[in-house]
Amino acid sequence: MTRYVTPLLDLGSTDLDRAGGKGANLGELVRAGFPVPPGFVVTTAAYDLLLERDGLAGRIDDLLAAGEPDAIRAAITATAVPSEVADGVLDAYRELGRGAVAVRSSATAEDLPEAAFAGQQDTYLNVVGDRALLDAVRDCWASLWTQRAVAYRARRQLAPTAARIAVVVQAMVPADTAGVLFTANPVTGARDEIVVDAGAGLGEAVVSGLVTPDHFLLDKRSGRIKDWQPGRREVTIRARDGGGTEHVAGGAAQRSLRDSQLRGLAELGRAIERHFGAPQDIEWAYAGATVSIVQARPITALPPPAPNQVQRRLLPMMAELIPMRPYPMDMTTWTPALFGAATSILGFLGLRVPRFEQMCVEEDGVVVRFEPPTPRPTPRVLLAPARLLRQAWRHDPARWQSDPLVTHVQARTRALAARDLQAMPWPELLTTLADALALPQALGELRIRYLPRALLAALALRLLLVPLRRSDRFATLLSGVETKTTETNRALAALAERIRSDPALSEIFATHEPADLPAVVADRHPFSDELETFLDRYGYRETMALAATQPPWRDAPAVVLGMLKGLAAAGPAPPARPPAEAVRDELLAHPLLRVPPLRSLLLRLLRQAGRFTQVREDTHFYGTMPISVVHRIMLESGRRMVDAGVLDTAADVFHLRLEEIEGAAAAWPPGPQLSHQLRELVQRRAARRAALAGTPMVDTATPREAGGDVLLSGTSGSRGAAQGPVRIIRDVSEFSRLRSGEVLVAPYTNPAWTPLFQYAAAVVVDSGGAGSHAAIVAREYGIPAVMGTGDGTRRLRDGQPVQVDGNRGVVTL
């Protein structure tokens, strides 16, 4: 075969650029052993060659400018198929036996997860003979320029010339029955159902909507029929002798598929879905007892499955963890590494949690949504009590900070951060990345060692509070411990006081925007030295835990300076007794706790249970320290690709997957073809990401009861009530907008946001729950918090006066 004609067997899912979506998917199925009719692909290189002839490419640009796509189609059909292409096509046709074939368009922007482009380009069935085959190939090329195809690309925000086209040629299946199969219900989104539409004759009648097909709803696991709606058989399309097709009257209606055939289709559908890792839209054909797969593509616009009760409880927490759509680079580096480490304790307890990438629906490398997991028990869950007790006996959480793993993570992170990334060859740079990605594993191991005793103490404390009728004080009691978050916030407050005490510094911060402050304060000694010390100690704090594409504080000092601007303007926080201390004293005054043994038990449980919050929060701090190294390696990789002419900006590298970077590094410098492929990937993924900008990755918005003056309802994160004007802060770049006494309303929070709590009147968050970082720190500061409102940032407005009732979990006028 030539570069213009390639057998399906030689193609796979990575060959989109030369085989188009349909050809790449069919080649992948052939190589995986699925029953696909034999055939070949006339590659996009053949189409490119056609455009080079007679100045056709230039004429296309002129006709596009004139708004005449039909003239482009006419120009293509009037151009002869290049002889190099024609010879290759006819040689491949002879190898197929020169019988009847199906000729289908396969554009590079077709059969993708985000856009099927169904019916936008042409298909020709039962093509017989050399001349008819070459004409059909040329007509497929021309179909890229129909009015409907050009309009569809425009709606999908694709440039008119962005798509190229290949042509798939396969042996014709003389179908008795054919149709489509969806491995998930395309209407309801149910992943445990299969939908089959079937009709007599060729499948074109079903896919083009000419016939009302038999409609089968199957149980996905067993293939059992759950529902059947008979079709009408208005028309049947069948192959005509000598080539082409004909429409004939459908005849008497009868069921088109037997139970055994439906079970066989269900089994095939499940296998194809497993292979591609996503629900599939599959075209199939039965000829006698033999089934063939003639097309498979991801289901587009598939509704998310309805969450079960466990998933509904997890959704607000996951929305806090992943408020931003991870980039492809995140998804193949930092995100799965940190998520795996953070959830490893669930595996220790005998629960199976899917990998992070398995919970994300991706389309062409872009995450479109998150599907919350349902942790499932394994046989090891029976051993969980014994394993918990064993760890609790062996490891005292009071001594967790002296564990060698804590020292190892800090020392190793600082050593990696000190390396000269620009001087490294590619292999060393990628090895450094692998070293950094291995460090979060310590987070999981530390939690497995030291959380069990603290967890058991917390459970015992919860039980003790029941007869005391103080169960509602449990969360506040756990908050009264020293953590890296409170330590960091105290250090920020000290820097803010330093600013207030210096009139010149106060003037600088009052009159400059955060983005300008790093340059302005760089030579303001000793403040700049104190800031550098702060960043060296706490600057590894992430702005978004699961996304290394977002810079940590030490790489984005404007974020810290913006917080200091707000803190300095707010003035020093008035001295206040920690809420946990007040609740503890209230408990100790209870008559039952005047009994010395019970009193001693409560105090001991308070000390041990408090370690739960400390270990959880501080292992997060240490486990995310390597994010700075990972972020810098990403940007260094991007810088090299900019220098090589592959990318326009270093940040464009975020749109690539790690294996794509590794492939480019192995062939460094990348040749023109690889450079073109990578650039096209970045552009396509960036456009897809931009199109999803208004769509939340984790949608927590649910219908909520609202009556009277209730504006929002959610989950109580911290008790108490407070009034103030709303201030919506959407991301770290807006930190300096918050003023003292305002109600902070945010889409999400993480530890990087908590310094704002020092001068907020209350906190309202779209995501999260009572165990979120925001809720924990709100309890530390004694300010009310309402978590998981779903859409507070959309329903409230800046300056709106509200009351936040943390006791009831509502926001009112």
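This is a predicted model: local features need pLDDT of at least 70, side-chain atom pairs count only at pLDDT 80 or more; totals for chains, interfaces and linings use all residues.

Colleague: Which element gives the most to the lining of the second largest pocket?

Modeller: The elements that give two or more residues include α23 (557-570), α24 (579-588), α25 (596-623) and α29 (773-781). One more element belongs on that list, spanning 484-500. With seven residues, the top contributor is α19.

Colleague: How many residues in the lining of the second largest pocket are nonpolar, by class?

Modeller: The space in this pocket is about 1100 Å³. Its lining has 10 polar and 10 charged residues. The nonpolar residues number 21.

**Strand β3**

Colleague: How many residues of strand β3 are buried?

Modeller: Take the two faces in turn. In a regular strand, side chains alternate between the two faces of the sheet. On one side of β3, Val101, Val103, Ser105 and Ala107 are buried. On the other, Ala102, Arg104 and Ser106 are buried too, and the count for β3 is seven of seven.

Colleague: Which residue in β4 stands opposite Val101?

Modeller: β3 and strand β4 (residues 123-127) run antiparallel. Three bridges join them. Opposite Val101 stands Val127.

Colleague: What residue in β5 stands opposite Ala107?

Modeller: Strand β5 (residues 165-171) also pairs with β3. The sense is antiparallel, over seven bridges. Opposite Ala107 stands Ile165.

Colleague: Which are the edge strands of the open sheet of eight strands?

Modeller: The order is β18-β25-β24-β20-β21-β22-β23-β19, with mixed pairing. An edge strand here pairs on one side only. The edge strands are β18 (710-713) and β19 (715-718).

Colleague: Which residue in β21 stands opposite Arg727?

Modeller: Strand β20 covers residues 721-728, and strand β21 covers residues 743-746. They pair in the parallel sense over three bridges. Opposite Arg727 stands Leu744.

**Aromatic pairs**

Colleague: How are the rings of Trp284 and Tyr286 arranged: stacked or edge-to-face?

Modeller: A search of the whole structure finds 13 aromatic pairs. In this one, the centres are 6.0 Å apart and the planes stand at 70°. Planes over 60 degrees apart count as edge-to-face. So the pair of Trp284 and Tyr286 is edge-to-face.

Colleague: Are Trp284 and Tyr286 buried or exposed?

Modeller: Buried means under 20% relative accessible area. Trp284 has 2%, and Tyr286 has 6%. Both values fall under the cut-off, so Trp284 and Tyr286 are buried.

Colleague: What kind of pair do the rings of Tyr748 and Trp753 make?

Modeller: Their centres lie 5.1 Å apart. Tyr748 is buried at 6% relative accessible area, and Trp753 is buried at 0%. Their planes are at 65°, so the pair is edge-to-face.

Colleague: Which residues form one aromatic cluster with Phe339?

Modeller: Leave the pairs and turn to the cluster. Phe339 belongs to one aromatic cluster.

Notes. Residues are numbered from 1 along each chain as its sequence is written. Side-chain values use heavy atoms; hydrogens and water are left out. On a 1 Å grid over the protein atoms alone, a cavity is a set of points where a 1.4 Å probe fits but cannot get out, and a pocket is an open set with protein on both sides within 12 Å along at least five of seven lines; lining residues have an atom within 4 Å of a point. Grid points are joined across faces, edges and corners, and a volume is the space filled by probe spheres set on the points. Helices (H or I, at least four residues) and strands (E, at least two) are DSSP runs, numbered from the N terminus. Ala, Val, Leu, Ile, Met, Phe, Trp, Tyr, Cys and Pro count as nonpolar, Asp, Glu, Lys and Arg as charged, and the others, Gly among them, as polar. Buried means under 20% relative accessible area, exposed over 50%, partly exposed in between (1.4 Å probe, protein chains only). Two strands pair if DSSP finds at least two bridges between them. Rings of Phe, Tyr and Trp (its six-membered ring) pair if their centres lie within 6.5 Å; planes under 30 degrees apart count as stacked, over 60 as edge-to-face and the rest as tilted.
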